[in-house]
Amino acid sequence: MSRIRTLVGVVGLLGAAVALGLVVAPGSLASIRPVAVLTDALPAGKPDLLLLGLGAVVGLGAVTIAYSVSGDGRAGPLVDHPPEAVNARTPSRPGRAFDRQLAGDGESNVREPLRAAAVETLVRRTGIDPTDASEAVDRGTWTDDRVAAAFLGAPSQSLGARLRRWLDPDGERRRRVERTIAAIERVQR
């Protein structure tokens, strides 16, 4: 903070304090010599009000000067060079296409990507060839989770799962997808 700004700020605070003192206790400030001189010099019948206005004007003026001395009041840049600008109009988010498939109706639009992920995971983690991995997924032997196995392969869903699908198709679909994703993740570990 510069010295000028500090000095002007102190003058502004004193002016505001005098104005506040005149409002709260008008007679108490009459003993201060500059205030008494100023009060006697004012020609109006209510010098307290005039002095209050003068104190307010001095206070506001000092605050304005202190603010303008420091510059335009805006903070400077935090870094010398701004970061790179975004050059893509619509940034792509990984998994957006799969999220759209999940949001769609039916299980077939989700089943194929999950089946491909399960086969690829089996190939990578167990070292079996893709044909054997695909057969394992078809037979449902790739996981211990019956819901996930039935979602991607031949075993049928349990009676409870079929009833849940009949009562709440979206909820059961979400449950089957989540169980399948969890089963794929377990194979990845």
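## Helices H5 and H9

Helices H5 and H9 pack with their axes 9 Å apart, at an angle of about 15 degrees. H5 is therefore roughly parallel to H9, a label for angles under 35 degrees, while over 145 counts as roughly antiparallel, 65 to 115 as roughly perpendicular and the rest as oblique. The axes here are lines fitted to C-alpha atoms, for helices over the stretch in contact, with angles running from 0 to 180 degrees between N-to-C directions. Helices (H or I, at least four residues) are DSSP runs numbered from the N terminus.

The crossing of H5 past H9 is left-handed, a term used when the near helix is turned anticlockwise from the far one by less than a right angle, with right-handed for clockwise. From H5, the residues that meet H9 include Leu114, Ala118 and Leu122, and their partners in H9 include Val177, Ile181 and Ile184. By class, this contact of H5 with H9 has 9 nonpolar, 4 polar and 2 charged residues. Ala, Val, Leu, Ile, Met, Phe, Trp, Tyr, Cys and Pro count as nonpolar, Asp, Glu, Lys and Arg as charged, and the others, Gly among them, as polar.

## About the model

This is a predicted model, in which local features need pLDDT of at least 70 and side-chain atom pairs count only at pLDDT 80 or more, while totals for chains, interfaces and linings use all residues. Residues are numbered from 1 along each chain as its sequence is written, and side-chain values use heavy atoms, leaving out hydrogens and water.

## Other partners of H5

H5 also packs against H6, at an angle of about 130 degrees and with the axes 9 Å apart. That angle makes H5 oblique to H6, and the crossing of these two helices is right-handed. Among the residues that meet here are Ala118, Val119 and Leu122 in H5 and Pro130, Ala133 and Val137 in H6. The contact of H5 with H6 divides into 8 nonpolar, 1 polar and 2 charged residues.

Helix H4 (residues 96-103) is another partner, packing with H5 at about 140 degrees with the axes 8 Å apart. H4 is oblique to H5, and their crossing is left-handed. Phe98, Gln101 and Leu102 of H4 make the contact with Asn109, Val110, Pro113 and Leu114 of H5.

## The nonpolar core

The largest nonpolar core has 17 residues, and Leu114, Ala118, Leu122, Val137, Trp142 and Leu152 touch the most other members. Two or more residues each come from H5 (108-126), H6 (130-139), H7 (146-152) and H9, with H5 giving the largest share, 5 residues. Such a core is a set of buried Ala, Val, Leu, Ile, Met, Phe, Trp, Tyr and Cys residues joined through side-chain atoms within 4.5 Å.

Beyond its neighbours within four places in sequence, Ala118 is in contact (heavy atoms within 4.5 Å) with Val137, Trp142, Leu152 and Ile184.

Glu172 sits in helix H9 (residues 169-188) and is buried, with a relative accessible area of 2%. Buried means under 20% relative accessible area, exposed over 50% and partly exposed in between (1.4 Å probe, protein chains only). Apart from neighbours within four places in sequence, Glu172 is in contact with Ala161, Arg164 and Arg165.

Gly55 belongs to helix H3 (residues 47-69) and counts as buried at 9% relative accessibility. Setting aside neighbours within four places in sequence, Gly55 is in contact with Gly15, Ala16 and Ala19. Gly55 and Leu14 are 41 residues apart in sequence and 8.6 Å apart in space, C-alpha to C-alpha.
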